[in-house]
Amino acid sequence: MKFAVAFALLSAISGYAAPAKRAVTDTDILQYALTLEHLENAFYHQYLGQFDQAAFQKAGYPDWVRNRIENIAEHEAQHVALLSGALGSAATQPCTYQFPGITDPSSFLATATLIENVGVSAYLGAASSIVEKAYVTVAGSILTTEARHQAWLYSSVEKGPAWSGPEDTPLDFDEVYSIASAFIKSCPTSNPTLPVKAFPALAIADDGSITTSASTDGAYVQVIAGLTSNTFPVVNGKVQGLPKVQGISYAVLTSQGNNTLVGDDNILAGPTIFNRPFNSKTSNPAPAF
Ligand SMILES: *[C@@H]1O[C@H](CO)[C@@H](O)[C@H](O)[C@H]1NC(C)=O
């Protein structure tokens, strides 16, 4: 790990003390990926168990939809097996989960789309931290498969576009963990502790109104879409000039107005997920920041 080497060198030269938050190792990244795969695996298992073919038919879906969701569920189980195999007896174990708002096959599929998209953002964000090159290929092969799951859900099932924009959105460890932790009720105490933290929840309404336990005084909202992002000031609990980005995008609340300086040290809450499906059959380009 680049940071670890840099810190070791720095410590040797100047006696510099490493910060409290330790560097992320490849093992951490595998455990982190497994944490997310366990969540996905449990999610599909729970709701395929709850909604049978008759429930999907009643909700207006042809039989191939549920059949293919079963196939996706098998993939997630396979991802769990792959990562667990690499970690051996140290592999983190499944937690217990809560998925609010799922009452029928339709809300199940809508949540599946978002969870698959967060999976893509997680692998994309972690990629540059992986040291062992062989793991990059393994992570990449899972990433593209999660992207195909999401694309299929968003297009074949929901009849929308298979993408959000020209690039997918990388999210860092803390950002992804913050989203995942909202779904996690409790974990076995024997699970390894990861060097990640969860920020408070954030919700932003269409009119820019913010709901969060964090203070919004003098804060900004950073909207993240693909490889671009920008900050927007918050005035009286409302984001000013919130752009309506097409597809799935994310936003965090931050104390930092300078977009290039937004990071874990100044993020106050979030991310929240925006889902603005658009008609891919017509010419309606995404608004620029
Ligand atoms: C934002 O931060 C970057 C990096 O420190 C700096 O180069 C840039 O000048 C800053 N922009 C503004 C508007 O302060």
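Predicted model: local features only at pLDDT ≥ 70, side-chain atom pairs only at ≥ 80, totals over all residues.

Reader: OK. How do the residues lining the second largest pocket divide into nonpolar, polar and charged?

Author: There are 13 nonpolar and 6 polar residues in that lining, and no charged ones.

Reader: What volume does the second largest pocket have, and which residues lie nearest its centre?

Author: The volume is about 360 Å³. Of the 19 lining residues, I179, A182, F183, P271 and I273 lie nearest the centre.

Reader: Which domains does the lining draw on?

Author: Domain 1 (2-186) and domain 2 (202-276) each give at least three residues to the lining of the second largest pocket. By element, α5 (105-126), α7 (173-181) and β9 (267-276) each supply at least two.

Reader: P271 again. What is the peptide bond from G270 to P271, cis or trans?

Author: That bond is cis, with omega near 0°. P271 itself sits in strand β9. For context, most peptide bonds are trans, and most residues other than glycine have a negative phi.

Reader: Which residue other than glycine has a positive phi, then?

Author: One is K159, with phi near 60°. K159 belongs to the loop between α6 (133-157) and α7.

Reader: What lines it?

Author: The lining of the largest cavity is L36, L39, E40, I115, V118, G119, I179, A180 and F183. Helices α2 (26-50), α5 and α7 each contribute at least two of its residues. I179 and F183 line this cavity, and both are also among the residues nearest the centre of the second largest pocket.

Reader: How does that cavity lining divide by type?

Author: It has 7 nonpolar residues, 1 polar and 1 charged.

Reader: Now the ligand. Which residues are around it?

Author: N258, T260 and L261. The protein covers 24% of the 360 Å² of accessible area that the ligand has on its own.

Reader: What are the distances from ligand oxygen atoms to the side chains of N258 and T260?

Author: For N258, a polar side-chain atom lies 2.3 Å from an oxygen atom of the ligand. For T260, an N or O atom of the side chain is 3.3 Å from a ligand oxygen.

Notes:
Residues numbered from 1 in each chain as written. Heavy atoms only, no water. Near = heavy atom within 4 Å. Polar contact = N/O pair within 3.5 Å; in protein donor to acceptor, adjacent residues only side chain to side chain. Areas by Shrake-Rupley, 256 points an atom, 1.4 Å probe, with all protein chains shown as cover. 1 Å grid on protein atoms, 1.4 Å probe; cavity = no way out; pocket = protein on both sides within 12 Å on 5 of 7 lines; lining within 4 Å. Points joined across faces, edges and corners; volume = space filled by probe spheres on them. Helix = DSSP H or I, 4+ residues; strand = E, 2+ residues; numbered from the N terminus. Nonpolar A, V, L, I, M, F, W, Y, C, P; charged D, E, K, R; others polar. Domains from an automatic or database assignment.
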